[in-house]
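Me: I have a model open and I'd like to learn how to read it feature by feature. Can you walk me through it?

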Amino acid sequence: LWHAGSNFNLGRDFNSAAVVFRKYLTTEARTERPTVMIALTEAYLSLNQIGDAISTIESCMREFPRDPAIYQARLLGSTAYLEQGNLSRARQLLEENLHHDALTPRSDAWRDSLFALGMVLHRQGRLAMISPEPSASADPATGNLQHLERGHRHLNEAIRRLSEAIARYPNAPQAIPARYALGESYRYSSRMPLAKFELETIESRRAALNRQIDDELTGALKQYDEIVRLLNERSHTVGPLPEEEQKILRNVYFARGTVLYDLGDLEAAVKAYSTATSRYQHEPAALEAYVQIAACYRRLNKPLEARGTLEQAKLVMERIGENAEFTTTTRYDREEWTTLLNWLTAL
């Protein structure tokens, strides 16, 4: 039964794997039961049956709290709860692994838990930044600041955990996604001091907040630059990047321009966005970069260059394939982009 279920999993026949593993659990082979429950949970996750996955892995952790498989069970449980959106429980399970005396940084489970915890904290902070919870404050500005401060705390903890993970395990498979999340954590963190800056009236405090904004944006830029270096070097020496790393590299090229724009280095932002449009000129995401280049030129008091950039964006859009999924990587569909570019050009 074990070999049959494992082979069904390997062959991506997860329904059959689940049937076989459930049958296995009716036998008397108690010593192997935790391993089978973990495999069954993996099959449920692959089938997107999150409720069944959580029920199975919780049973495993409850029945076998001292089994060596408990660490892998917690890791898998955190993945299931993350899929469900229960970030607090996902975080709790990972912290239990990291704080357990039996695990050390030399173990794979400890390493994987550290990376995963950093990613959960990043997600908690990012969600808090963009999705404020209802506030008891009658003042909208104060309520907005409260949710930004909550997100900022999560992001600071994410920065600490992700930095530690990358420093300890720079060649781990999770290092590149973790470095990208680290850069994004710095970038989102800058929203809190920026909001305070806009409300602050005392000049000395405004100066301190401005330094904090620059520090966090500079931290993001440092991570983005390192990702570009690492992935371009890898693509030249090893060959084509996996799909996930290709997406990260694309996102980073555009994010570099955004950070430089926010730092006020408009000439560098134009250069960064231009590099992105050259590499991804046949993708809808290039339109976002053209609009930002035009915004840079307007702030540099170069209206002719801004208008020319938008006209170029129109030509690029005409060359993008009819089946391109605009809303996957940009804010608008094709028709909305046409309307926006026409309106911006007329300004």
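This is a predicted model: local features need pLDDT of at least 70, side-chain atom pairs count only at pLDDT 80 or more; totals for chains, interfaces and linings use all residues.

Me: Why does 45 degrees make the pair of Phe115 and Tyr169 tilted?

Reply: Planes under 30 degrees apart count as stacked and those over 60 as edge-to-face, so an angle of 45 degrees falls into the remaining class, tilted.

Me: Where in the chain do Phe115 and Tyr169 come from?

Reply: From distant parts of it. Phe115 belongs to helix α7 (residues 108–130), while Tyr169 is in the loop between α8 (140–168) and α9 (175–189), and 54 residues separate the two. Elsewhere, ring pairs join Tyr253, Phe254 and Tyr280 into a cluster.

Me: Which Arg residues lie over the face of a ring?

Reply: Have a look at Arg187, which lies over the face of Tyr188 at 5.3 Å from the ring centre. Then go to Arg206, which lies over the face of Phe197 at 4.0 Å from the ring centre.

Me: OK, on to pockets. How do I find empty space in a model?

Reply: Rolling a probe the size of a water molecule over the atoms shows where empty space is left. Here, the largest pocket has a volume of about 590 Å³.

Me: Which residues lie nearest the centre of the largest pocket?

Reply: Its lining has 18 residues, and Arg187, Phe254, Thr258, Glu288 and Thr329 lie nearest the centre.

Me: What about the second largest pocket?

Reply: That one has a volume of about 340 Å³. Of its 14 lining residues, Met119, His122, Arg126, Tyr180 and Glu244 are the closest to the centre. Two or more residues come from each of α5 (70–84), α7, α9 and α12, with α7 giving the largest share, five residues. By class, you get seven nonpolar, two polar and five charged residues in the lining of the second largest pocket.

Me: Can we do a single residue too? Is Lys314 buried or exposed?

Reply: Lys314, in helix α15 (residues 303–319), has a relative accessible area of 19%. The cut-off for buried is under 20%, so Lys314 counts as buried. Leaving out residues up to four places away in sequence, Lys314 touches Leu341, Asn342 and Thr345.

Me: And zooming out, what does the chain look like overall?

Reply: The chain has 17 helices and zero strands, and its C-alpha trace spans about 80 × 50 × 45 Å along the principal axes. Buried residues make up 47% of the 347 residues. Among contacts with a separation of 6 or more, 59% are between residues 24 or more positions apart.

Methods
Residues are numbered from 1 along each chain as its sequence is written. Side-chain values use heavy atoms; hydrogens and water are left out. Rings of Phe, Tyr and Trp (its six-membered ring) pair if their centres lie within 6.5 Å; planes under 30 degrees apart count as stacked, over 60 as edge-to-face and the rest as tilted. Helices (H or I, at least four residues) and strands (E, at least two) are DSSP runs, numbered from the N terminus. A charge sits over a ring if NZ of Lys or CZ of Arg is within 6 Å of the ring centre and within 35 degrees of the ring normal. On a 1 Å grid over the protein atoms alone, a cavity is a set of points where a 1.4 Å probe fits but cannot get out, and a pocket is an open set with protein on both sides within 12 Å along at least five of seven lines; lining residues have an atom within 4 Å of a point. Grid points are joined across faces, edges and corners, and a volume is the space filled by probe spheres set on the points. Ala, Val, Leu, Ile, Met, Phe, Trp, Tyr, Cys and Pro count as nonpolar, Asp, Glu, Lys and Arg as charged, and the others, Gly among them, as polar. Buried means under 20% relative accessible area, exposed over 50%, partly exposed in between (1.4 Å probe, protein chains only). Contact means heavy atoms within 4.5 Å.
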